[in-house]
Amino acid sequence: MTNTELIENLYTAFSNGNVDKMTACYHKDIVFQDPVFGTLKGERAIKMWEMLLSKQTESTKISFSNIQTTSQQGSANWRAEYIYGKKNRKVINIISAEFKFSDGKIIEHIDQFNLWKWTQQALGFSGLLLGWSPFMQNKIRKTITLKLDKFINK
């Protein structure tokens with residue numbers, strides 16, 4: 001399988017809600033990073049995807065484009081549309097992903113997106129007012145870390 005096919009398989013499985021096929025694309029020593037979760041390694045990164053996919057609904061849409069790869073690294077753009085939180089706010093998140101490969105798997109996956117823009121959609125007015133601030137961004141990270149810990153420990 002080429003690295004391009006590996007990334008295609010990752011996002012196709014994600015869009016289909018298939019966590020096993022998705023996480024099979026990752027090396028056992030995967031390092032994942034994004035603005036919300038920070039850096040997650042190994043099984044913790046896998047559990048993060050399990051948690052996210054367990055919340056996926058029929059209204060969730062994942063699309064991807066612009067996959068580019070070499071033998072050692074790659075990149076892609078992807079878009080997630082979903083409903084977030086108790087107030088059921090619609091979020092459209094545009095993400096740039098970078099990858100590194102080892103042993104025919106993804107060993108590093110770094111997602112980048114505008115966290116302030118995400119907070120505006122996900123949190124509404126409070127996200128608009130405070131989503132840019134380190135205080136709010138740290139609070140979001142702390143909250144999501146606790147949610148992931150609960151998911152892992154259940």
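Reply: The following account begins with the overall fold and then turns to the core.

The model is predicted. Its chain contains six helices and six strands, and their order along the sequence is α-α-β-β-α-β-β-β-β-α-α-α. For a chain of 154 residues, a compact globule would have a radius of gyration near 15 Å; the chain has 15 Å, and therefore agrees with that expectation. Along the principal axes, the C-alpha atoms fill a box of roughly 45 × 35 × 30 Å. Of contacts between residues at least 6 apart in sequence, 52% join residues at least 24 apart.

Within this fold, 39% of the 154 residues count as buried. The largest nonpolar core has 40 residues, among which Tyr-11, Trp-78, Phe-99 and Ile-106 touch the most other members. Two or more residues of this core come from each of the helices α1 (3–15), α2 (19–23), α3 (43–54), α4 (115–123) and α6 (134–153), and likewise from each of the strands β1 (26–34), β4 (73–84) and β5 (89–102).

Leaving aside residues up to four places away in sequence, Trp-78 touches Tyr-11, Phe-14, Trp-49, Ile-62, Ser-63, Phe-64, Asn-93, Ile-94, Ile-95, Ala-97 and Asp-111. One of these partners, Tyr-11, is also among the core residues that touch the most other members.

As for the surface, the chain exposes about 9,000 Å², of which carbon and sulfur atoms supply 52%. The chain carries 21 positive and 14 negative side chains, and the centres of these two sets are 12 Å apart.

Methods:
Residues numbered from 1 in each chain as written. Predicted model: local features only at pLDDT ≥ 70, side-chain atom pairs only at ≥ 80, totals over all residues. Heavy atoms only, no water. Helix = DSSP H or I, 4+ residues; strand = E, 2+ residues; numbered from the N terminus. Rg over C-alpha atoms; globule rule 2.2 N^0.38 Å. Buried < 20%, exposed > 50% of the residue type's maximum accessible area, 1.4 Å probe, protein only. Contact = heavy atoms within 4.5 Å. Areas by Shrake-Rupley, 256 points an atom, 1.4 Å probe, with all protein chains shown as cover. Lys, Arg positive; Asp, Glu negative; His and termini not counted. Charge placed at Lys NZ, Arg CZ, Asp CG, Glu CD. Core = buried A, V, L, I, M, F, W, Y, C linked by side-chain atoms within 4.5 Å.
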